[in-house]
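Thanks for coming, everyone. I have one structure to walk through today. Let me put it on the screen.

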Amino acid sequence: MDQDRNKASKPGFFTPYSTGDPTLNVPVSAGQAGVMSPYMNFDPSFIKTGEAEFIFPEGADKQRGRFEVAFSQIGGAVLAGGLYGTLNATYLWKKHGRTDVTARIRYTDWANTVGKRAAFHGQALGTIAVLYSIIGIVVAKTTGVEGEVNILSSATATGALYRMADGHKKLLRGGAIGFGLASIFCLWKNTDKIRYMLDG
């Protein structure tokens, strides 16, 4: 009988801990005495929830630089251009497409139109994004200027360079369009600051 009790009290494969173990009677949460279970030896009061929970290398910025953001900007611009080209091609196909042919020929014509226009607009916006990213990185590395000043200068230079081959009038128009779009983006980005300044 005593042997059976000793076997039952010993931890096994299916019973790793005995119910008679006195350490299991310790409460899990820390009370006023500060005693915690050895199996849950962790006090959540040590966690600081008010600060950022990311680990940054020593000397690194807590915000992504222009080089890290460039890849997502270029990819997003290519996808946006392809989407616009697809919608534009579909609209033109429905409006000016031939209706006196079979359905197979019509959808083949639609696929060809979509492929051409999606590639054209995607390449155009991708080129603009590449120019904008390169100029922004160069400005940030050479002058150390970040934020809205970098955005406005990079967008203005991108618009001017993109239309530079079409003459000085198109160059000025492209720079003005880039500056205008960048200004709208900066205003949208700093909406809370502008409201605070107006209310204050």
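Let me start with a question: in which helix is Val130 found? Val130 is found in helix H3. Before going further, a caution: this is a predicted model.

Now, the overall picture. The chain comes to six helices and zero strands. Read along the sequence, the pattern is α-α-α-α-α-α. There are 200 residues in the chain, and 20% of them count as buried. The accessible surface is about 15900 Å². Carbon and sulfur atoms hold 63% of that surface. Next, the contacts. Take those in the chain with a separation of 6 or more: residues 24 or more positions apart account for 50% of them.

Back to H3. This helix has 41 residues.

Asn112 is another residue of helix H3. Its relative accessibility is 43%, so Asn112 counts as partly exposed. Look across to Ala89. In sequence, Asn112 and Ala89 are 23 residues apart. In space, their C-alpha atoms are 9.2 Å apart.

Now a residue on helix H2, Leu92. Leu92 has a relative accessible area of 24%, which makes it partly exposed. Along the chain, Leu92 and Val114 are 22 residues apart. Their C-alpha atoms are separated by 9.8 Å. And what does Leu92 touch, if we skip residues up to four places away in sequence? Gly97 and Arg117.

On to helix H4, residues 148–162.

Which residues of H4 are buried? They are Asn150, Ile151, Ser154, Ala155, Thr158, Gly159 and Ala160. What do these buried residues pack against? Three helices: H2 (66–96), H3 (103–143) and H5 (168–189).

Take Thr158, in helix H4, as one case. Is Thr158 buried or exposed? The cut-off for buried is under 20% relative accessible area. Thr158 has 4%, so it is buried. Set aside neighbours within four places in sequence, and Thr158 is in contact with Ile128, Leu131, Tyr132 and Ile135.

Leaving out residues up to four places away in sequence, Tyr132 touches Arg66, Gln73, Ile151, Ser154, Ala155 and Thr158. Tyr132 is also part of the largest nonpolar core. Who else is in that core? Ile151, Ala155, Ala182 and Cys186, which brings the core to five residues in all. H4 and H5 each supply at least two residues of this core.

Last topic, charges. How many salt bridges are counted in this model? One. The partners are Arg163 and Asp166, and their closest N and O atoms are 3.0 Å apart. How accessible is each side of the pair? Arg163 has a relative accessible area of 28%, so it is partly exposed. Asp166 has a relative accessibility of 46%, so it counts as partly exposed too.

Let me recap quickly. We have a predicted model with six helices and zero strands. The buried residues of H4 pack against H2, H3 and H5. Tyr132 sits in the largest nonpolar core and touches residues including Ile151 and Ala155. Arg163 and Asp166 form a salt bridge. That's my walk-through.

Note on methods. Residues are numbered from 1 along each chain as its sequence is written. This is a predicted model: local features need pLDDT of at least 70, side-chain atom pairs count only at pLDDT 80 or more; totals for chains, interfaces and linings use all residues. Side-chain values use heavy atoms; hydrogens and water are left out. Helices (H or I, at least four residues) and strands (E, at least two) are DSSP runs, numbered from the N terminus. The expected span of a helix is 1.5 Å times one less than its number of residues. Buried means under 20% relative accessible area, exposed over 50%, partly exposed in between (1.4 Å probe, protein chains only). Contact means heavy atoms within 4.5 Å. A nonpolar core is a set of buried Ala, Val, Leu, Ile, Met, Phe, Trp, Tyr and Cys residues joined through side-chain atoms within 4.5 Å. A salt bridge is a side-chain nitrogen of Lys or Arg within 4 Å of a carboxyl oxygen of Asp or Glu. Accessible areas come from the Shrake-Rupley method with a 1.4 Å probe; for residues, only the protein chains shown count as cover.
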